[in-house]
Amino acid sequence: MSSKHSRMAREAKTIRYMMEIYCRGQHSTENSLCPECAELHDYALARLARCPFQEAKSTCANCTVHCYKPEMRQRVREAMRYAGPRMLWRHPIVTLTHLLIDGRRAAPALSGKKSSA
Ligand SMILES: [Zn+2]
């Protein structure tokens with residue numbers, strides 16, 4: 001894994017963990033995702049791959065561009081709401097990095113208007 005893509009790799013891992021927690025808790029799966037959650041997971045990764053910010057990306061919750069289609073956005077919010085608090089206990093390092101380091105990065109604006117801090 002090249003460090004150039006560490007931000008994206010971390011984001012993908014966070015998504016995976018969250019979906020696993022959500023699916024296990026809500027759909028009683030073990031070490032795999034149900035078809036519905038697998039679809040959502042794949043969708044999230046596909047959006048991530050197309051994220052215009054890539055390494056400069058903030059967390060999706062902070063983003064200025066809502067790139068998910070409404071139905072998927074609703075589903076992912078539900079999953080995050082369930083998995084979020086549980087993530088902290090299950091994967092504290094990943095979660096804290098996501099919230100405190102990645103989440104603190106200001107979300108860039110696509111318009112090119114840069115907010116200088
Ligand atoms: Zn599921």
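The residues that line the largest pocket divide into 18 nonpolar, seven polar and five charged. In this count Ala, Val, Leu, Ile, Met, Phe, Trp, Tyr, Cys and Pro are nonpolar, Asp, Glu, Lys and Arg are charged, and the others, Gly among them, are polar.

Before I go on, a word on the source. This is a predicted model, where local features need pLDDT of at least 70 and side-chain atom pairs count only at pLDDT 80 or more, while totals for chains, interfaces and linings use all residues. Residues are numbered from 1 along each chain as its sequence is written, and side-chain values use heavy atoms, with hydrogens and water left out.

Now the overall layout. The chain has four helices and zero strands, and from the N terminus on the elements run α-α-α-α. Helices here are DSSP runs of H or I with at least four residues, strands are runs of E with at least two, and both are numbered from the N terminus. Of the 117 residues in the chain, 35% are buried. Buried means under 20% relative accessible area, exposed means over 50%, and partly exposed lies in between, with a 1.4 Å probe and protein chains only.

The accessible surface of the chain comes to about 7500 Å², and 56% of that belongs to carbon and sulfur atoms. Areas come from the Shrake-Rupley method with a 1.4 Å probe, and for residues only the protein chains shown count as cover. As for contacts, meaning heavy atoms within 4.5 Å, take those in the chain between residues at least 6 apart in sequence: 74% of them join residues at least 24 apart.

Back to the pocket. Rolling a probe the size of a water molecule over the atoms shows where empty space is left. The search uses a 1 Å grid over the protein atoms alone: a cavity is a set of points where a 1.4 Å probe fits but cannot get out, a pocket is an open set with protein on both sides within 12 Å along at least five of seven lines, and lining residues have an atom within 4 Å of a point. Grid points are joined across faces, edges and corners, and a volume is the space filled by probe spheres set on the points.

The largest pocket holds about 730 Å³ of space. Its lining has 30 residues, and T59, C60, A61, M80 and H98 lie nearest the centre. Which helix gives the most to this lining? That is α3, with seven residues. At least two lining residues come from each of α1 (6–27), α2 (35–49), α3 (70–90) and α4 (92–102).

H98 is in helix α4. At 14% relative accessibility, H98 counts as buried. Leaving out residues up to four places away in sequence, H98 touches E11, T14, T59 and G103. D102 also lies in α4. Is D102 buried or exposed? D102 is buried, because its relative accessible area is 0%.

Next, the core. In soluble globular proteins, nonpolar side chains tend to be buried together. A nonpolar core is a set of buried Ala, Val, Leu, Ile, Met, Phe, Trp, Tyr and Cys residues joined through side-chain atoms within 4.5 Å. The largest one here has 22 residues, and M19, Y22, C37, L40 and Y68 have the most contacts inside it. Helices α1, α2 and α3 each supply at least two residues of this core, and α1 gives the most, with seven. Not counting residues up to four places away in sequence, L40 touches M19, M72, R75, V76 and A79.

The loop between α1 and α2 holds L33. L33 counts as buried, because its relative accessibility is 15%. L33 and M19 are 14 residues apart in sequence, and their C-alpha atoms are 7.5 Å apart in space.

N31 is found in the loop between α1 and α2 too. N31 counts as exposed, at 64% relative accessibility. Most residues other than glycine have a negative phi. N31 is not a glycine, yet has a positive phi of about 55 degrees.

Last, the cavity. The whole structure has one cavity of 30 Å³ or more. The largest cavity holds about 40 Å³ of space, and is lined by E20, R24, T29, E30, N31 and S32. By class, that lining has no nonpolar, three polar and three charged residues.
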